[in-house]
Structure formats: structure tokens, C-alpha cells
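Thank you all for coming; I would like to take a few minutes to walk through one structure. Please have the sequence and the model open as I talk, so that you can follow each part.

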Amino acid sequence: MHRVHKNSDFSIHNIPFGITVINGQHHVSTRVGDFVIPLVELQNKGIFDEFSILQSVFTSMYLNDFIRLGKKITVAVRKKIQEYFQQFGLDSIPAYDIRTVMMSLPVQIGDYTDFYSSREHATNVGIMFRDPANALLPNWLHLPVGYHGRSSSITVSGTTVKRPKGQTLPPEAEKPVFGPSKQIDFELEMAFIIGKENQLGEPISIENAEDYIFGLTLFNDWSARDIQKWEYVPLGPFLSKNFASTMSPWIVTLEALEPFRVAGPVQEPEVLPYLQTKSSNNYDINLDVIITTSEEKENTVSHSNFKYMYWSMVQQLAHHTVNGCNMRVGDVLASGTSSGHGPDSYGSMLEIAWKGTKPVQMSDGSTRTFIQDGDTVTLKGYAEKDGIRVGFGECAARLLPAD
Ligand code: MN
């Protein structure tokens, strides 16, 4: 009998979508508790018959074709799955133990954008890298700052990351040196996946923005701080970021997150009309970061929450497209590091260990200012309210030494 533990991220209220690999075949799948259900099994039962979905959509390598069916269908599919399990239980369908299934990157990602939308994070970085008196640059409270990242190096949770080499300027030095980065960091982020395309030249209004968001994942925007510090002026991060990003395998839909909607921080000064909304557009999602040292000891180094973000996803999307920039299905837009109000809730080692000045004690006796070779960084996220829990599982990756 398949049961769902009450603390499972994958309750019947969740029904996320991901890509599993079973016996060498890719499957669009969902997960309930610790069981994975390929959607083709439900298709074979006839529960999606009214939608006339091609079988190939469910055996694709990525979710893009499924997402492209549109929310009208994907929302209805998710509802059908929920109803089916509520009526017939999990035992009525072939399901696979999650431990026996390989997860694959859920979407084929055309473009990846990273925002910088946590006021606490931007303030902390501004204090450390520039000027405590003017930590936020003048534009920051008026627009969601972002940059175009690189999609080719985004990998699914479980994929290792190799410590990159690059140029850095050592303290007091006049000339840069080349070698392995000495300051590898994580960034605790969430990312949203584009579910609908706009035409080039046609902005997505803030009122319509949710229609274009399929769902969310956890996202670790690995960063090499020493490389970043030397390279980032004037055009922003480049090689300090594009060596790796890790995303969690299950896309949790916006519909599953609806019960956890909350108001974001008050925005003062008032933002321009194209960024204004009356609705509550943040989500109360608990976020944790765990560093597992090579001794297999787990250390939780941060408890944050996605609700702290100053700029919401709908503001990010309205801003990103206000110039007519076109989005494509599968594009990934990450939130930026999600830091809370104090060191216990900061979203990067740069902030937690305050640029290396406050080493963090690990349970095996060692300390960390940044991530060491052999460490695994795990992000976790879940929302919970009135006994309903919807979570993201894990976004984990181990850091390997440079060549
Ligand atoms: Mn980032």
C-alpha cells in the first residue's frame, strides 16, 4: 500500500511535473509521496481522453511540449490526476519508488535570466563590494535589476559541479592571477518557468503575467566571488556565474502554490504604473540551505523565505518584456538570492560569513567561509498552511576540485 507521509513535499495537493528516466525511456511524470507516476500510465487508463494529447508528448525528453499545450489543458490534466488518486488511490496505477528512478532536467531551456530582487541581499552585497552609505544603487527601488545568464550550464539536482578556474585580483595585488577560484559560493534562489510565449514587440502586462508562468523550481546560482569581484564592472557577472547552476527536478505549478500567496514588502517609493498591481504576488515558501561536508555531516546554514522578495515574479516578467522582449516556453527566470533580515536567513556564504570575516562552524569541527571541495550544497523549499503541504524536494550538488 503506497502511503504519503504527512511531512512529504509531494502531497496530493502538489502534483508537480518532471522528467524521469525509467528503463532508458524519458517520461513526463508526477510524484506523490515517494512514488513516481509516468503520465503515460494515466493516459493509458483513458483519463486524459477528452484532451486528445499525443502519446509522444508524454515520452518526450523535456516538458516543453506538455507545457506548450497551454494552461487550459495542463491545469485540467493536473486536476484529473488529483481526482483519480483521490478516488482510486495510488495502488491503482504502476508507480515507481523515487529511489529507483533517475531524474532528468525538466525543461529544454532556451534563455535564462537572473534577477537581483531581494532588498536584503542587494543591500548586503552593496555594503561589502561598494559603499555602506549607498548600498543600493539609485535604480534598485525603481526596477527589478537582472542580467542575462547562460542556459547551457544549468543542470538538474544531483549533477556535480567542478570548481572553475579564472582570473582574480588577489588583495593588494596590482595584476590579476589565473587559477582555481578560492571563493565558491551558492545562491539560494527560486526560478520560474515560462509557460506561454509573447510575440516579439508585444509586452506582457503585469495583469496577464501569471498566465505566462507555468511553475517554479529551487535554483542554486553557483558563484565564484573572487572572479566576480574582478570581472563584474561594468557589464555584470560573466564567468563567475556561467560555469554552473543547479535546478530541482520537479516543477511545482503556480496553481499548487495558490494557497500560499501573500503580500510582498511595501514598495516605497511608488513604482511606475507598468509595475503596479493590487493583488498579493509573493508566496510564503520556507527555504533552507544545508551544507553536507565530506564527512557526511549535515549543517543547516540558512532558513529563509521566498516571501521576502522585494520584486515579485509578475513584476519581473512585466519589466523583462516591457521593451517587447519575447519569452519562449521553457525559459527560466531566477529570482536572485533570497536573503532574509539576519545572518540566519542570508542566502549566500558571502553574506552568512560576511566576506570571509565570520567563519561558520560545521558539526565536524571544521569551519567554512565559502564552499570546499567535496561539500554538497542542498536547497530545500516547502509551503505549509492549514495542514496542506506543498514542497519542492531538493536541489543538491556536490562541488568537485578543479582539474
Ligand atoms: Mn543569482
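**The metal site and its surroundings**

Let me begin with the manganese ion, which is coordinated by Asp-114 through OD, Glu-187 through OE, Glu-189 through OE and Asp-221 through OD, at 2.1 to 2.2 Å. Please keep in mind throughout that this is a predicted model. If you look along the sequence, the donor residues of the manganese ion follow the spacing D-x72-E-x1-E-x31-D. One pair among them links distant parts of the chain, with Glu-187 in the loop between β12 (184–185) and β13 (188–194), and Asp-221 in the loop between β14 (213–220) and β15 (223–224), 34 residues apart.

From the metal I move to the pockets. The largest pocket has a volume of about 560 Å³, and its lining is made up of 30 residues, of which Tyr-116, Arg-130, Val-145, Tyr-232 and Pro-237 lie nearest the centre. The elements that give two or more residues to this lining are β6 (112–115), α5, β7 (146–148) and α6, and the largest share, four residues, comes from α5. By class, the lining of the largest pocket divides into 17 nonpolar, six polar and seven charged residues.

The second largest pocket has a volume of about 480 Å³. Here 19 residues form the lining, and Leu-169, Pro-170, Pro-171, Gln-183 and Asp-226 are the ones that lie nearest the centre. Two or more residues each come from β10 (165–168), β11 (177–180) and α6, and the classes in this second lining are ten nonpolar, four polar and five charged.

How many of the eleven residues of α5 are buried? This helix, residues 119–129, is mostly covered, with eight of its eleven residues buried. Those buried residues are Glu-120, His-121, Ala-122, Asn-124, Val-125, Gly-126, Met-128 and Phe-129, and what covers them includes α6 (225–231) and α9 (349–352).

Strand β1 (residues 18–22) and β2 pair in the antiparallel sense over five bridges, and Gly-18 stands opposite Ser-29 in β2. The two strands form a hairpin with two residues between them, and Asn-23 in the turn has a positive phi of about 50°. On the next pairing, β2 and strand β3 (residues 35–38) run antiparallel over four bridges, and there Ser-29 stands opposite Pro-38 in β3. This second hairpin also has two residues between the strands, and Gly-33 takes a positive phi near 60°. Strand β2 (residues 25–32) is itself mostly covered, since seven of its eight residues are buried.

Finally, there is an open sheet of five strands, in the order β9-β26-β25-β20-β21, with mixed pairing. The edge strands are β9 (161–162) and β21 (298–305), each of which pairs on one side only. Within this sheet, strand β25 (residues 376–385) and strand β26 (residues 388–400) pair in the antiparallel sense over ten bridges, and Glu-384 stands opposite Arg-389 in β26.

Note on methods
Residues are numbered from 1 along each chain as its sequence is written. This is a predicted model: local features need pLDDT of at least 70, side-chain atom pairs count only at pLDDT 80 or more; totals for chains, interfaces and linings use all residues. Side-chain values use heavy atoms; hydrogens and water are left out. Buried means under 20% relative accessible area, exposed over 50%, partly exposed in between (1.4 Å probe, protein chains only). Contact means heavy atoms within 4.5 Å. Two strands pair if DSSP finds at least two bridges between them. Donors are N, O and S atoms within 2.8 Å of the metal (3.2 Å for Na, K and Ca); water is not among the atoms, so sites may look incomplete. On a 1 Å grid over the protein atoms alone, a cavity is a set of points where a 1.4 Å probe fits but cannot get out, and a pocket is an open set with protein on both sides within 12 Å along at least five of seven lines; lining residues have an atom within 4 Å of a point. Grid points are joined across faces, edges and corners, and a volume is the space filled by probe spheres set on the points. Ala, Val, Leu, Ile, Met, Phe, Trp, Tyr, Cys and Pro count as nonpolar, Asp, Glu, Lys and Arg as charged, and the others, Gly among them, as polar.
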